[in-house]
Protein chains: 2
Amino acid sequence: MAKKNLIVGQSGGPTAVINSSLYGVVSEGLNHHEEIETVYGMVNGIEGFLEDRILDFRQALPGEKLEYLKTTPGAYLGSCRYKLPESLEDPVYPRLFEKFEKLNIGWFFYIGGNDSMDTVSKLSRYAARIKSPIRVIGEPKTIDNDLVNTDHTPGYGSAAKYVASTVREIVLDASVYEKKSVTIVEIMGRHAGWLTAAGALARKYEGDNPRYIYLPESNFDTESFLKDIESALEKDCCVVVCVSEGIHDASGTFICEYDSAVGTDTFGHKMLAGCGKYLENLVRSRLGVKARSVELNVSQRCSASLMSAADQREAVSAGKFGVQAALKGETGKMVSFIRHTEPDSSCRIECGLEDVNVICNEEKTIPSEWIIRNGSDVSEEFIKYALPLIQGQVEVPLGKDGLPAFVYRK
Amino acid sequence: MAKKNLIVGQSGGPTAVINSSLYGVVSEGLNHHEEIETVYGMVNGIEGFLEDRILDFRQALPGEKLEYLKTTPGAYLGSCRYKLPESLEDPVYPRLFEKFEKLNIGWFFYIGGNDSMDTVSKLSRYAARIKSPIRVIGEPKTIDNDLVNTDHTPGYGSAAKYVASTVREIVLDASVYEKKSVTIVEIMGRHAGWLTAAGALARKYEGDNPRYIYLPESNFDTESFLKDIESALEKDCCVVVCVSEGIHDASGTFICEYDSAVGTDTFGHKMLAGCGKYLENLVRSRLGVKARSVELNVSQRCSASLMSAADQREAVSAGKFGVQAALKGETGKMVSFIRHTEPDSSCRIECGLEDVNVICNEEKTIPSEWIIRNGSDVSEEFIKYALPLIQGQVEVPLGKDGLPAFVYRK
């Protein structure tokens, strides 16, 4: 059988380990000399590929340089937000497949979240329709952890570890003064509260800060929130809470929108601040205490120093597993994680395959039974679920300047 | 000679290594059995001490537990912002010295920045006036690096390492899309730009992001800023810049004030957002490109995972050196750092002593000759100065939950 090439792309927002998944795909691809000629990368995903922007990994990251991918956050190949047309009659599909054929592609991998799985779904369906032998596999990636039919997604563990460690540090920082104070930590995740819930991992003992965790899965009521804070301030002088950027009230209005409705910049444009800033002002105005808000921002998805070793290892295995599956003829699938709980209650993660068509149309949120205390906390079940995912430290290689030595496209 | 006790307090904002300085003082103090009976800690600085809130380190952190101080950010003893009265006639002075005598204090150490050195100055002057034998020594601490008569201050190296590493990660994160975008990173330091300048360490090659660095030492002109950004966008599609929270225009008005003048919350209160948010909106409105701002916030001063080993080591030595000096009879001094450049151009830091009365009244900003490109960058001299201070990684001990195991007061 004549050899073919493998091509891989990255899409959507980056994570700390999206390049570990890439490493898994590329290293496993290059290992299969007998079937795979070379491994190409799409620069800026499908969008860049349509402009013929590709690279050959044998030239781009030869030898040991490939290893650096595992400790480089961001998307090495560049990313895109490009939605393929719903209709498979659209001329973009034959254009893409002509390009695939010209490059003698046998396998296409796309690393990303929901939208990227939509691309995998469409391309695998189009391949079936035109009876193309090209195999299309999705590699999961999202800090939001919102993909269905998988225990969790690569990227979540590292982001959760960043949130847990950083919130623990913020609690230390906030506790130094005797003065009553409230600190609001705003965490990513517009529709799913998985990442915000990771704030609960920061607690060192029962009743420790962060005292409350507010998720987008529940309706947020500002009056109950203020009562929660007041009651916590009666016991402790320093109160830290975690809120998801996507908290909303019963009418479905995002809490941050209440803010943007009134602030305007000097040009008369609405100023969008986050819900953390809004709640900070609310607490200061209504309760008359010192208030501060901290938006954890992009470091949640790009911190190398707080990468979870478990997450990194799983991302690499998912990449490798996908290549092995594609070589066996699988297509239209996403690599998933299945959790096995061992007799000693430790957990083991196994890779599986799931129908990508189901995954791209659904969103996994935190089960309602894990949300407790009237929507202001998460249960012990969540802690048990999340703890194994943040374990282990990764040693990031340092450059001559003593700072992390990342790889990047020249 | 009868044994006496040593007491130490922490004051002002915490840093990643303020507890390393504390470790230095306490461990060295406990080592001198022949002269020092025990080492006490003031809880919440002078303010807590006035309420008799103290602890004995032999009970609070016995044996190996003391070691954890070196990897615990925040102020273990708690902090305060308490300014002693200017007049030494004030009754607070005899009150304090009565308390010192009751506890049989021979040596008092205060770890902090400018304001804490003011406390050291006043107490040492009062001791001289009443001919008290109590020795008063200041241990420097500030992420702002703005104390005079010392090469740098403990706390700065770790904060600078956090800024450099995080900005490097933010650049990776910002570079994944092909779309033109501007990212503004807002960094702490209202009057001195040392920490913002550390953003320049993030560059991997000449001309790399962050493209510009705006410090509070220069006047900030929004029109020149927009021209800088436009010119950078001509060459690159992703532009990242670092701005100090304290940038101001030629009239002395902080840039962030232009923002707060117009935004109000639902209660009619002025909304204070940072200059990063203001400039983000400005760039979006005026240049019509995607813009984002990231406020690095408190993690700059409390990140354990990005602690600089050099900073930690120096903070410990400064603590130990101070105790040795006090035992030799020194008082009214702050421990300083003197830099020696070796023939191989590596640098060695030696501890010294400086008159605390001079230090508490001055502020060290970046030398004007190190500020280049019309106030939009720092020179190679700054890089040479700062690079040794951020070197080395610190291994933070982990708890059973896999997260950093910090020590805290029960």
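R373(A) sits in the loop between strand 12 (371–372) and strand 13 (377–378) of chain A, where helices (H or I, at least four residues) and strands (E, at least two) are DSSP runs numbered from the N terminus. Although R373(A) is not a glycine, its phi is positive, at about 50°. The model is a predicted one, in which local features need pLDDT of at least 70 and side-chain atom pairs count only at pLDDT 80 or more, while totals for chains, interfaces and linings use all residues; side-chain values use heavy atoms, with hydrogens and water left out. Residues are numbered from 1 along each chain as its sequence is written, and chains are lettered from A and ligands numbered from 1 in the order in which they are written.

Another loop of interest holds a cis peptide bond. In chain A this bond runs from N209(A) to P210(A), with omega near 0°, and P210(A) belongs to the loop between helix 7 (194–197) and strand 7 (212–214) of chain A. In chain B a cis peptide bond joins N209(B) and P210(B), with omega about 0°; P210(B) is placed in the loop between helix 7 (194–197) and strand 7 of chain B.

Strand 7 of chain B leads on to a sheet. Four strands of chain B make up this open sheet, in the order 7-8-6-9 and with parallel pairing, two strands being paired if DSSP finds at least two bridges between them. Strand 7 (212–214) and strand 9 of chain B each have a single partner strand and stand at the edges, so one side of each has no neighbour in the sheet. On average, neighbouring strands here are turned by 20° against each other, direction ignored. Strand 7 of chain B and strand 8 (residues 238–244) of chain B run parallel and are joined by three bridges; Y214(B) has V243(B) as its bridge partner in strand 8 of chain B.

Two helices accompany this sheet. Helix 6 of chain B lies across strand 6 (181–187), strand 8 and strand 9 of chain B, at about 165° to strand 6 of chain B. Helix 8 (residues 222–235) of chain B lies across strand 6, strand 7 and strand 8 of chain B, at about 165° to strand 7 of chain B. Contact here means heavy atoms within 4.5 Å; axes are lines fitted to C-alpha atoms, for helices over the stretch in contact, and angles run from 0 to 180 degrees between N-to-C directions.

A second open sheet of chain B has seven strands in the order 3-2-1-4-5-10-11, with mixed pairing. Its edge strands, strand 3 (54–56) and strand 11 (347–355) of chain B, each pair on one side only. Neighbouring strands of this sheet are turned by 30° against each other on average, direction ignored. Nine bridges link strand 10 (residues 333–341) of chain B with strand 11 of chain B in the antiparallel sense, and K333(B) has D355(B) as its bridge partner in strand 11 of chain B. Helix 12 (residues 309–327) of chain B packs on the sheet, and its direction makes about 40° with that of strand 11 of chain B.

In chain A, strand 10 (residues 333–341) pairs with strand 5 (residues 135–140) in the parallel sense over two bridges, and the partner of G138(A) in strand 10 of chain A is M334(A). Strand 10 of chain A also pairs with strand 11 (residues 347–355) of chain A, in the antiparallel sense and over nine bridges. These two strands form a hairpin with five residues between them, and S345(A) in the turn has a positive phi of about 65°.

Turning to helix packing, helix 4 (residues 92–102) and helix 5 (residues 114–129) of chain B pack at an angle of about 80°, with their axes 11 Å apart. This makes helix 4 of chain B roughly perpendicular to helix 5 of chain B, a label covering 65 to 115 degrees, beside roughly parallel under 35, roughly antiparallel over 145 and oblique for the rest. Y93(B), P94(B), L96(B), F97(B) and F100(B) of helix 4 of chain B meet K122(B), L123(B), Y126(B) and A127(B) of helix 5 of chain B.

Finally, the largest cavity has a volume of about 80 Å³. Of its 14 lining residues, the closest to its centre are Y162(A), S303(A), L306(A), Y162(B) and L306(B). On a 1 Å grid over the protein atoms alone, a cavity is a set of points where a 1.4 Å probe fits but cannot get out, and lining residues have an atom within 4 Å of a point; grid points are joined across faces, edges and corners, and a volume is the space filled by probe spheres set on the points.

Terms used
On a 1 Å grid over the protein atoms alone, a cavity is a set of points where a 1.4 Å probe fits but cannot get out, and a pocket is an open set with protein on both sides within 12 Å along at least five of seven lines; lining residues have an atom within 4 Å of a point.
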